[in-house]
Amino acid sequence: MNNPINRLEARFAALKAAGRKAFIPFATAGYPNLDIFPQLLAGLPKAGADIIEIGMPFSDPMADGPAIQTANIQAFKAGITVPKILDFVRGFRKTDNETPIVLMGYYNPIYSYGVMRFLDDAKKAGVDAFIIPDLPPEEDAEFRIPADSRDLFVTRLVTPTTDENRLPTVLKDAKGFLYCVSITGITGAAEANASKLTDLIGRIRQQSDLPIAIGFGVNTPEQARTIGQEADGVIVGSAIMNRIASHIDTNGNIGAGLVDDVLSFVTNISRGAHGG
Amino acid sequence: MKNTSPTSDSLRNVPDDNGHFGPYGGRFVAETLMPLVLEVEKAYNASKDDPEFQKELDYYLKYYVGRPSPLYYAPRMTEKFGGAKIYLKREELNHTGAHKINHCMGQILLAKRMGKTRIIAETGAGQHGVATATVAALFNLPCTVFMGELDIERQRPNVFRMRLLGAEVRAVKTGSRSLKDAMNAALQDWVSNVDNTFYIIGTVGGPHPYPAMVRDYQSIIGREVREQLMEAEGRMPDSLVACVGGGSNAMGLFHEFLDEPTVNIHAVEAAGHGLLTGMHAAALTGGRAGILHGMRSYFLQNEDGQIQEAHSISAGLDYPGVGPEHAWLHDNGRVSYVSITDNEAMEAFQLCCKLEGIIPALEPSHALAYVAKIAPTLPKDHLMVVNLSGRGDKDIFTVADRLGVTI
């Protein structure tokens, strides 16, 4: 049932051939609860997702802002665990064996699960790549190298602080795509500034042929359109989490129209990202 | 000072170039921070070889901090326990009332050397925050201290001290609203203000080089103890006792003696309500290996790898992790890690007040409580050194509350 090549490579190749940008929505696993999350996940490809990034909640999400922190807390209340996240991926793969899935999470829950066991289970469930913000290239032996041997990609992050000296270290052994962090700060903290990105993207392009996706601070279809022109893909997270949150009242009750509204919100941003 | 340079099979030649103490330590931080962490490491290494830097540090430690701190023979405590001869290393007599000023002075001189213009810090008990605010005032640098909302409530005097010293105290309302969350907030701030900001970390934790750097700045404690005890008794100590939250005062006392096989070393974690209740802060005794705050070490966590809240009467020990060097010294058995409950610490706190006329902080009260357990079993010629790492003025509200007294 697994594709011979990584779904991520296949998808980026197909997008490139079609001259399209990748729209990559992010959703926190288990948010707003364990029943609704898989409905959102299943609806994302139709809402325009070319690749899906699933957030693995962590108690101490140091790189994330309030929107994703709130989503984490809610997901824990709903009972999310690492095995349940892999169950969601397995469930998604029953009806979609094409859309690449990237798991984004901090290292400790993976380390606690057991790195080799996690990689094997994630591979079997249908995961294609990982983003682990607290694993810089200096700690490659921990996770990236064993992941690579299973044809699972660990996405490198390039940030505004990644200077000329640092860039080769980050690009070395990178596979799949590069995650370009548009601001120095936490997720959702500020709006990305397209003009400042041009320089960073230009520097990356000189040294790498990998697709570049931009994340942190993309909130509207207009921003997605502008940012999309700069890069090969756009990642949108906090804005979607905020949209979900708007359907939850102060007592934690979830409104009936959440799934449809969030998916139509995602559809709108995806149109922007796709240049529409 | 006596030269005690490490040998090849030494326990004092860690970490390696990548900041590893055996399997612990490392640099588990976001890519945004990596260039900064590498820059701090480079600047720190250069400062170690710069006699001018050392000279400046020595000057401030002597004339501003008030070093060396006395090594005081505690006669009534010794008599009360009826065993080991007890010496107190009086770190509570340092300027600002705790050992924290030692690493703050080192780090702020490094920040100046690096041309940084803004200081941030996290704090639990407030002692590190006060020490950071103090050195920031001394060198005229704006300073923001992140502090859990819960800790702000229970350490009010220190919050006011920081504000008097011109620091901004920013309340952290996420998670357990204590030290771990303050550290998350400080790291987030650092990620957002990478250009001008130096993060003064308050313990032997965080990404490399912080655990080694903070230890090195604190190890003056042990070097002084060696010299002072030599003068008082003509020999080395037989045992050392210190409390461990993150573990800076303990590493400061222990490091000098790690290669001395005759010195028994005891580190005391906070058992809170008791280890079996799950309401404690004993990462080594009750946790397991994990990754948080830039390092691999021991952490309190659930079966799914989520970090759990720590519980201790002492805000300074209320942290679910511990420095990576302690994790390594725990695994290789060089240091014995034990734990003391809130109630035991409260008893020792009161005993120290009445017997020696010293109001200790609740943190070293944990060390004193362990001394009360083992000193009676030891011979009278056994020399025991306890790190009295801070004074207890900041804790009087907590203690009064616990005793049911209104002040």
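Gln228(B) touches Pro68(B), Ser69(B), Pro70(B), Leu71(B) and Lys89(B), not counting residues up to four places away in sequence; contact here means heavy atoms within 4.5 Å. Gln228(B) belongs to helix H10 (residues 220-233) of chain B, where helices (H or I, at least four residues) and strands (E, at least two) are DSSP runs numbered from the N terminus. With a relative accessibility of 18%, Gln228(B) counts as buried. Buried stands for under 20% relative accessible area, exposed for over 50% and partly exposed for what lies in between (1.4 Å probe, protein chains only).

The model is a predicted one, in which local features need pLDDT of at least 70 and side-chain atom pairs count only at pLDDT 80 or more, while totals for chains, interfaces and linings use all residues. Residues are numbered from 1 along each chain as its sequence is written, chains are lettered from A and ligands numbered from 1 in the order in which they are written, and side-chain values use heavy atoms, with hydrogens and water left out.

Leu61(B) sits in helix H2 (residues 51-65) and is buried, with a relative accessible area of 7%. Beyond its neighbours within four places in sequence, Leu61(B) is in contact with Gly66(B), Arg67(B), Asn102(B), Met105(B) and Ile220(B). From Leu61(B) to Pro51(B), ten residues away in sequence, the C-alpha to C-alpha distance is 15 Å. Arg215(B) lies in helix H9 (residues 210-218) and is likewise buried, at 5% relative accessibility. Leaving aside neighbours within four places in sequence, the contacts of Arg215(B) include Val14(B), Pro15(B), Phe21(B), His255(B) and Glu325(B). Asn249(B) is 34 residues from Arg215(B) along the chain, and their C-alpha atoms are separated by 8.5 Å.

Helix H15 (residues 362-374) of chain B reaches 19 Å from its first C-alpha to its last, close to the expected 18 Å; the expected span is 1.5 Å times one less than the number of residues. This helix is mostly covered, with eleven of its 13 residues buried, among them Leu362(B), His366(B), Tyr370(B) and Ile374(B).

Taken as a whole, chain B holds 16 helices and 14 strands. Buried residues make up 66% of chain B. Of its contacts between residues at least 6 apart in sequence, 73% join residues at least 24 apart.

Chain A has twelve helices and nine strands. Its radius of gyration is 17 Å, close to the 19 Å that the globule rule gives for 276 residues, so chain A is as compact as a globular protein of that length. The C-alpha atoms of chain A fill a box of roughly 50 × 40 × 35 Å along the principal axes, and 60% of the residues in chain A are buried.

Terms used
Rg over C-alpha atoms; globule rule 2.2 N^0.38 Å.
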